[in-house]
Amino acid sequence: MLSLSFASVQAFAPTGLARVQAPMRSGAIAMSSPYENELGVIQPTGFFDPLNLSSDIDEDTFAQYRTAELKHGRVAQLAVIGYVVPEFYRFPGEIAPGIKFADVPNGVAAIDAIPTLGWAQIIFLIGAVDYWGFLGDFDAGKPELEPEELERRQLCELQHGRLAMIAFLELLRHNSQNYVVPGFDGLDNLITGLPFLYQ
């Protein structure tokens with residue numbers, strides 16, 4: 001069950017720049033897909049697609065899946081930063097009239113602290129970016145790299161995004177559990193793995 005929950009995160013698994021053969025499934029049946037040699041297939045998982053999402057799709061659909069994976073990875077990286085940074089730094093001033101940045105709690109507790117108009121703005125911005133494609137792929141600012149270096153960096157971006165998706169889910173799980181049962185872990189801080197943040 002756990003491996004199925006990571007299907008979207010691991011989408012089409014990866015390994016360094018060397019490609020790997022698809023791993024064997026239980027029952028010695030090899031996974032087969034026309035995309036098993038795409039960028040993002042790494043060891044030790046090899047080609048990871050337990051739901052066979054890539055088995056009967058065309059290249060355009062695969063490109064959409066990859067774009068969605070990159071977008072979710074980038075958002076998850078920002079979300080992890082958004083979880084960690086407010087633990088030790090808050091912007092000066094007010095987020096809304098009468099509500100200071102410092103008064104908004106971190107994590108899940110912030111849901112109740114943000115005014116309705118603030119949520120409307122957030123939802124509108126997310127919808128606009130997703131629908132019209134703002135903050136997408138820009139030609140300006142891209143370095144001219146050798147193909148091997150470009151592939152290495154693209155693989156790093158995929159891997160960082162996948163790790164951030166898992167990290168955000170764990171931060172959300174831990175924070176939600178602490179919100180329901182305060183102090184369940186006996187610790188006072190949200191980010192328990194980074195005690196230097198609180199010194």
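A residue is called buried here when its relative accessible area is under 20%, exposed when the area is over 50%, and partly exposed in between (1.4 Å probe, protein chains only). With that in hand, we can walk through the structure, which is a predicted model: local features need pLDDT of at least 70, side-chain atom pairs count only at pLDDT 80 or more, and totals for chains, interfaces and linings use all residues. Residues are numbered from 1 along each chain as its sequence is written, and side-chain values use heavy atoms, leaving out hydrogens and water.

Let us start with the charged pairs. A salt bridge is a side-chain nitrogen of Lys or Arg within 4 Å of a carboxyl oxygen of Asp or Glu, and by this rule there are six of them. In one, Glu69 pairs with Arg66, with the closest N and O atoms 3.1 Å apart. Glu69 and Arg66 are both buried. They also share helix α3, where three residues, about one turn of the helix, separate them. Helices such as this one are DSSP runs (H or I, at least four residues), as strands are (E, at least two), and both are numbered from the N terminus.

A second bridge reaches further along the chain. Glu157 and Arg74 meet through their side chains at 2.7 Å, N to O. This pair links distant parts of the chain, since Glu157 sits in helix α6 and Arg74 in helix α3, 83 residues apart. Glu157 has a relative accessibility of 27% and so counts as partly exposed; Arg74, at 40%, is partly exposed too.

Glu149 and Arg153 have their closest N and O atoms 2.9 Å apart. Because they are four residues apart in helix α6, about one helical turn separates them. Arg153 is partly exposed, with a relative accessible area of 40%. Elsewhere, salt bridges that share partners join Arg66, Glu69 and Arg162 into one network.

Now for the interior. In soluble globular proteins, nonpolar side chains tend to be buried together. A nonpolar core is a set of buried Ala, Val, Leu, Ile, Met, Phe, Trp, Tyr and Cys residues joined through side-chain atoms within 4.5 Å. The largest one here has eleven residues, among them Ala76, Val80, Tyr83, Val108, Leu171 and Ile191. Helices α3 and α6 (147–180) are the elements that give two or more residues to this core, and α3 gives the most, with four. Which residues does Leu171 touch, not counting those up to four places away in sequence? Leu171 touches Val80, Tyr83 and Ile191, where contact means heavy atoms within 4.5 Å.

Finally, turn to the aromatic rings. Rings of Phe, Tyr and Trp (its six-membered ring) pair if their centres lie within 6.5 Å; planes under 30 degrees apart count as stacked, over 60 as edge-to-face and the rest as tilted. The structure holds three such pairs. Tyr89 and Phe91 have ring centres 5.8 Å apart and planes at 80 degrees, so their pair is edge-to-face. Tyr89 lies in the loop between α3 (59–84) and β1 (94–96). At 44% relative accessibility Tyr89 counts as partly exposed, whereas Phe91, at 55%, counts as exposed.
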